[in-house]
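I opened my notebook to look up a few things in this structure, one entry at a time. Follow along with the sequence and the 3D view beside you.

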Amino acid sequence: EVVLVTASGRHPFTVEIADTIEARSRGLMFRDSMAADHGMLFDFGTDQHVAFWMKNTILSLDMIFIRSDGTVASIARHTVPFSLDAVPSETPVRFVLEVLAGTADRLGLEPGDRVEGLDRR
């Protein structure tokens, strides 16, 4: 579980962890549903520039790019399913949390907000 901390409060999410090359390569591809309070957390081990694409991804997602200290660096909102266009982090990040599109807006999530629970992994 991780918790998104925004101006609107604390929002817990159950996450699957993608911390291997295989898990990061597959991500949420081919899934046609996900609960509103679930997501996938990608852990790259160290801060680095990363980029994602939506190949074979049916769901539109919000991608939350997170620094190693737990602060939200940037958010890619409403990504386009099946797109091969790169969705890059704007700065080096350690984590990326993928959640259903619209989640960031619903929670009022903004860069500078915090994600807790990353250190318990």
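**Entry 1: Asp105 and its partner.** I began with Asp105, which is partly exposed at a relative accessible area of 47%. I kept in mind that this is a predicted model. Which side chain does Asp105 meet in a salt bridge? I found Arg77, with N to O at 2.6 Å. Asp105 lies in helix H2 (residues 103-107), while Arg77 is in the loop between strand E6 (72-76) and strand E7 (87-88), so the pair ties together parts that are 28 residues apart in sequence.

**Entry 2: Arg77 again.** I looked up how open Arg77 is, and it is partly exposed, with a relative accessible area of 30%. Arg77 also forms a salt bridge with Glu110, where the closest N and O atoms are 3.6 Å apart. This pair links distant parts of the chain: Arg77 sits in the loop between E6 and E7, Glu110 in the loop between H2 and E9, and they are 33 residues apart. I noted that Glu110 counts as partly exposed too, at 40% relative accessibility. Put together, Arg77, Asp105 and Glu110 are linked in a network of salt bridges. A reminder to myself: side chains of opposite charge can pair when their charged atoms come close.

**Entry 3: the salt bridge count.** How many salt bridges does the structure hold? I wrote down 4. One of them joins Arg10 to Glu116, with the closest N and O atoms 2.8 Å apart. Here the partners are 106 residues apart, with Arg10 in strand E2 (residues 9-18) and Glu116 in strand E9 (residues 114-116), so I logged it as a link between distant parts of the chain. Is Arg10 buried or exposed? Arg10 is exposed because its relative accessible area is 53%, and the cut-off for exposed is over 50%. Glu116 has 29% and is partly exposed.

**Entry 4: the sheet.** Next I traced the strands. I found an open sheet of 7 strands in the order E6-E5-E8-E3-E2-E1-E9, with mixed pairing. Which strands are at the edges? They are E6 and E9, and each pairs on one side only. From one strand to the next, the twist averages 30 degrees.

**Entry 5: strand E5.** I stayed longest on strand E5 (residues 61-66), where 6 of 6 residues are buried. Which way do the side chains point? Leu61, Met63 and Phe65 point one way, Asp62, Ile64 and Ile66 point the other way, and all are buried.

**Entry 6: the neighbours of E5.** E5 runs antiparallel to strand E8 (residues 93-100), with 6 bridges between them. Met63 stands opposite Glu98 in E8. E5 also runs antiparallel to E6, joined by 4 bridges. There, Ile64 has Ile75 in E6 as its bridge partner. Last, I looked at the turn: the hairpin of E5 and E6 has 5 residues between the strands, and Gly70 takes a positive phi near 90 degrees.

Methods:
Residues numbered from 1 in each chain as written. Predicted model: local features only at pLDDT ≥ 70, side-chain atom pairs only at ≥ 80, totals over all residues. Heavy atoms only, no water. Helix = DSSP H or I, 4+ residues; strand = E, 2+ residues; numbered from the N terminus. Buried < 20%, exposed > 50% of the residue type's maximum accessible area, 1.4 Å probe, protein only. Pairing = 2+ DSSP bridges. Axes fitted to C-alpha atoms, helices over the stretch in contact; angles between N-to-C directions.
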